[in-house]
Amino acid sequence: MNTFVLAVPSRCIGCRACEIACVDAHMNSDMAQAMEQGQPFSPRLSVIRESGVTAPIQCRQCEDAPCVKACPAGAIRCDGRSVAIDAELCFGCKACLAACPFGAMQVGLVNLEKETPVAYKCDLCSGHRADPACVSVCPAGALSVFSNEALQKLSSSKRRETARLMAFDGN
């Protein structure tokens, strides 16, 4: 199973610290130069507000990733930990945007040497940090990293709690 970041919308306060941390974690000289030239602020997750609920939307690192199947260039692949994009192969066709069920894919200029926009998304800060930057900075604790082990632990804890409640209720 791929590792992914999961948000708890009821905890999100909409501060956008996760977006800033994401851009900072992926900041390179190309991106800094692009932002100085007026290119848009491009985090790999998006905080949305809808019907009074605020939550960051980002790649769920799907195991059977629709974006991988939709990419005609073979630029998106699953590397065993996450879904990764090879910007050198991507030509910005946006097929992955249409295929992503979470709306997590984006297309933009991420490298000034390559003038065509390419796809980008959450990469779990792979190669940049031990843990995703967004999780580290969230002041409300709304973001958590989930791996197979973490999901097993959560599932086990929920089963124990359900059994305890059923025993308490006499059911």
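**Fold.** I looked up the elements and got six helices and eight strands in the protein chain, taking helices (H or I, at least four residues) and strands (E, at least two) as DSSP runs, numbered from the N terminus. From the N terminus on, the order reads β-α-α-β-β-α-β-β-α-β-β-α-β-α.

**Ground rules.** This is a predicted model, so I keep in mind that local features need pLDDT of at least 70, that side-chain atom pairs count only at pLDDT 80 or more, and that totals for chains, interfaces and linings use all residues. Residues are numbered from 1 along each chain as its sequence is written, and side-chain values use heavy atoms, with hydrogens and water left out.

Of the 171 residues in the protein chain, 36% are buried (under 20% relative accessible area; exposed is over 50%, partly exposed in between; 1.4 Å probe, protein chains only). I then took contacts (heavy atoms within 4.5 Å) between residues at least 6 apart in sequence, and 61% of them join residues at least 24 apart.

**Core.** What did I find in the largest nonpolar core? There are 27 residues in it, and Cys-18, Cys-67, Ile-76, Cys-96, Met-105, Cys-134 and Leu-143 touch the most other members. At least two core residues each come from strand E1 (4-7), helix H1 (17-25) and strand E7 (118-120). My rule for a nonpolar core: buried Ala, Val, Leu, Ile, Met, Phe, Trp, Tyr and Cys residues joined through side-chain atoms within 4.5 Å. In soluble globular proteins, nonpolar side chains tend to be buried together.

**Cysteines.** I searched the whole structure for disulfides (cysteine sulfur pairs within 2.5 Å) and found zero. Cys-18 is in none, and its nearest cysteine sulfur, that of Cys-12, is 6.4 Å away. Cys-18 counts as buried because its relative accessibility is 8%. Leaving aside neighbours within four places in sequence, Cys-134 is in contact with Val-5, Cys-18, Ala-21, Leu-45, Gln-58 and Leu-143.

**Cavities.** I count four cavities of 30 Å³ or more. On a 1 Å grid over the protein atoms alone, a cavity is a set of points where a 1.4 Å probe fits but cannot get out, and lining residues have an atom within 4 Å of a point. The largest cavity has a volume of about 80 Å³, volume being the space filled by probe spheres set on the points, which are joined across faces, edges and corners. Its lining has 14 residues, with Cys-12, Cys-15, Arg-16, Cys-18 and Cys-138 nearest the centre. I sorted that lining into 12 nonpolar, one polar and one charged, with Ala, Val, Leu, Ile, Met, Phe, Trp, Tyr, Cys and Pro as nonpolar, Asp, Glu, Lys and Arg as charged, and the others, Gly among them, as polar.

**Spot checks.** Thr-3 is in the segment before E1 and is buried at 13% relative accessible area. Val-118 lies in strand E7 and is buried, at 3% relative accessibility. Phe-41 sits in the loop between helix H2 (29-36) and strand E2 (46-50); I have Phe-41 as partly exposed, because its relative accessibility is 39%.

Notes:
1 Å grid on protein atoms, 1.4 Å probe; cavity = no way out; pocket = protein on both sides within 12 Å on 5 of 7 lines; lining within 4 Å.
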